[in-house]
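Let me put the structure up, and then I'll talk you through a couple of pieces of it.

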Amino acid sequence: MSQSSQHPRNQKQGQAPTALAHVRNIGIAAHVDAGKTTLTERILYYTGASHKIGEVHDGAAHMDWMAEEQDHGITITAAVTKAPWRDHLLQVVDTPGHVDFTIEVERSMRVLDGVVLVLDGVRGVEPQTETVWRQRCRFGLPVLFFVNKIDRPGADFRRVLAAIRERLGVEPVALTVPLAEQQACLDLLHRRLLRFGGAQGEVVSAEPCPDALWEPVADLREALLLAAADADETLADLVLDGGEPEPQALLAALRRGTLAGRLFPCFGGSALRNLGVQPLMDAAVDLLPAPLDRPAALARRPDGELESVALGAQGPLVALVFKVQLWDGRRHCFTRVYRNRLQVGDSVAFQSADGRVLKEQVARIFDVDAGRKTRLQEAGPGQIVLLAGLRHAATGDTLCDPEHLLALERIEARQPVLSLAIEPAAGTDEDKLLEVLDKVEQEDPTLRVEEDPETGQRLLRGMGELHLQIVLERIEREFGQRVRSGRPAVAVRETIVRAARAEQLYSRPASPDGKQPELSAWAAVEVAPRERGAGNRMQCQPRLRPDGAALSPEQRQALEDALQTGLTSGVLQGAPVDDVAVSLVEVELFGPQSTPEALQAAATRALAKAMSAAGPVALRPVMRVEVVVPEANLGSVLGDLQQRRAAIQATKTGHAADDSTSIRCEVALESLLGYTTELRSLTQGRGQYSMQFERFDRV
């Protein structure tokens with residue numbers, strides 16, 4: 001991009017710029033093990049924000065600051081850091097790649113302005129890449145692609161571009177083409193060769209590109225010109241006539257197309273080998289949006305009306321809590337300020353998920369850099385800060401001026417699919433453990449602590465085996481609470497296979513002492529199955545008998561509550577009910593005897609009878625799985641998957657130099673418990689797999 005990347009290191013860090021036009025609020029996201037954290041370490045080093053490069057494989061990465069991250073060599077929690085580059089401030093969020101921690105990506109995307117999506121140069125678009133892509137689409141974030149690990153055998157930049165087209169359905173626009181064997185890359189925008197020298201690739205030198213290197217990439221340069229012309233009509237005639245636009249004009253057109261979500265610039269390199277990172281950093285400044293370039297957020301007032309919240313200093317305070325984290329045993333809230341300023345000591349109000357309006361006071365504000373925090377007196381629009389002193393604010397809550405209550409769109413939390421029975425180990429205080437579990441549950445919206453109504457066991461529910469393992473490790477390390485756990489068990493849902501109708505007369509005679517009056521009500525309910533994944537649908541518009549009867553608001557609410565409650569606990573195993581249409585078709589009232597309590601009882605029992613008659617069945621989690629194995633082990637791995645009743649959808653052989661084959665399939669989660677160990681055994685430790693929740697289905 002800019003010439004400035006030719007300097008050995010970004011100059012003295014100095015005071016971070018605060019003008020919003022000079023801020024780039026970006027996330028680094030990818031499939032697990034694509035190299036996000038390694039890339040972030042290079043960004044910190046080249047900007048001068050860090051004075052040494054910490055490697056993930058050594059457990060020394062600046063961004064992987066939690067003990068569990070260093071032990072497992074993966075990113076578990078989204079970490080925020082800041083890095084100055086070309087008089088701009090890069091505010092970088094390094095997110096986890098493992099599907100078990102997808103809530104970390106979801107809530108980070110909610111407050112980002114742009115994303116760098118990292119792809120493995122050998123494996124290209126992987127399952128979690130697609131998940132991250134869908135999350136990015138939900139929030140409409142502009143994207144830069146970085147094709148990493150281009151130095152590995154089997155890596156192919158053009159093949160990854162083709163995979164982006166095929167699996168993500170967008171047209172990538174190459175801006176740099178990596179030449180791993182020369183420790184260089186071709187800059188298609190400026191038609192030059194960039195070399196990366198020095199001990200850590202920090203010295204970038206540019207030279208004219210030799211014809212022999214340029215000819216093979218001429219088609220990519222042509223595609224770049226056409227993409228720019230498509231984004232800016234003023235360039236179209238020049239490009240179509242075979243002219244050469246100025247690089248700055250091209251850059252302006254590319255920025256316009258990227259911000260509009262029509263262009264997807266693509267860069268290549270190897271973060272571990274210090275190749276191709278600086279052009280990506282330049283592109284973050286040149287092509288990704290400043291906070292003011294993003295559309296205004298929409299917030300809902302208590303009266304239901306929508307209000308536009310433009311980022312800036314004008315108007316009452318609006319800030320979003322996107323993550324709660326325990327830090328040094330105390331509760332802190334990661335918050336992004338959207339409007340006005342937040343100062344130490346300010347009173348804020350927010351509406352909780354259950355509809356209560358709460359008021360709290362901000363005790364402290366911190367600037368955050370991975371595992372370090374620095375106290376601030378205030379935070380302005382666009383800033384991501386850490387707040388202390390909020391005891392009740394949770395993920396997704398909107399902090400407002402108490403006189404002007406608003407609610408931004410909440411952050412969606414996935415339902416847990418796996419549970420462990422847990423109990424305190426010998427010598428562990430049960431009350432203290434319950435307190436710790438409550439804190440951890442507040443921090444992670446995908447975690448649930450529940451009690452099994454049949455066995456009385458305490459259950460810890462989460463997104464997968466690794467998720468639950470990490471939670472238990474943290475409880476022991478951070479809080480000194482040892483926990484015994486049972487075998488993992490998968491979550492269950494219920495549904496029905498056919499339509500049915502049932503009716504119920506509820507009658508309770510008056511008590512002999514006259515204290516309890518006689519109650520009577522009659523209800524008829526119809527149920528029908530819906531397509532898998534369609535969700536539940538309720539209709540509560542019954543015909544009323546006798547003619548002329550009418551429901552009071554309390555009676556109508558009681559009937560709606562009956563249907564809601566009936567779907568939270570099915571007739572088969574007491575599990576939540578999915579994909580069912582319920583209709584309360586008829587209700588008979590018996591004057592004052594048909595109290596809300598009587599109507600609720602009649603409707604609840606009619607629904608239970610209808611569900612019993614409709615062929616109730618259990619649904620279990622089905623996962624979309626990709627297994628990557630050496631070709632020599634393909635037969636034994638496929639045989640093992642078929643024993644687990646996997647539905648094989650595709651097998652794809654990698655590049656000749658790569659010697660690996662990927663298998664895409666759908667498998668019931670129950671069959672995958674302990675699969676990591678089995679796969680290692682079948683492939684001598686060389687196989688790996690990733691999975692993500694697809695749907696609940698009959699198995």
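I'll go through a sheet and the helix on it, and then a pair of helices.

Just so everyone knows, this is a predicted model.

We've got 4 strands in an open sheet, and the order reads β7-β8-β9-β10, with antiparallel pairing. Which strands sit at the edges? Those are β7, residues 176–179, and β10, residues 203–208, and each of them pairs on one side only. Going from one strand to the next, the twist averages 25 degrees.

Let's zoom in on one pairing, β8 with β9. Strand β8 covers residues 184–187, β9 covers 192–197, and they run antiparallel with 4 bridges between them.

Okay, on to the helix pair. Helix α15 is residues 634–643, helix α17 is 675–682, and they pack with their axes 10 Å apart, at an angle of about 150 degrees. Anything over 145 counts as roughly antiparallel, so that's what we call α15 relative to α17. The crossing of those two is right-handed.

And who's actually touching? From α15 it's S636, V637, D640 and L641, and from α17 it's Y675, E678, L679 and L682. Sort that contact by class and you get 5 nonpolar residues, 1 polar and 2 charged.

That's my bit, thanks.

Methods. Residues are numbered from 1 along each chain as its sequence is written. This is a predicted model: local features need pLDDT of at least 70, side-chain atom pairs count only at pLDDT 80 or more; totals for chains, interfaces and linings use all residues. Side-chain values use heavy atoms; hydrogens and water are left out. Two strands pair if DSSP finds at least two bridges between them. Axes are lines fitted to C-alpha atoms, for helices over the stretch in contact, and angles run from 0 to 180 degrees between N-to-C directions. Angles under 35 degrees count as roughly parallel, over 145 as roughly antiparallel, 65 to 115 as roughly perpendicular and the rest as oblique. A crossing is left-handed if the near helix is turned anticlockwise from the far one by less than a right angle, and right-handed if clockwise. Contact means heavy atoms within 4.5 Å. Ala, Val, Leu, Ile, Met, Phe, Trp, Tyr, Cys and Pro count as nonpolar, Asp, Glu, Lys and Arg as charged, and the others, Gly among them, as polar.
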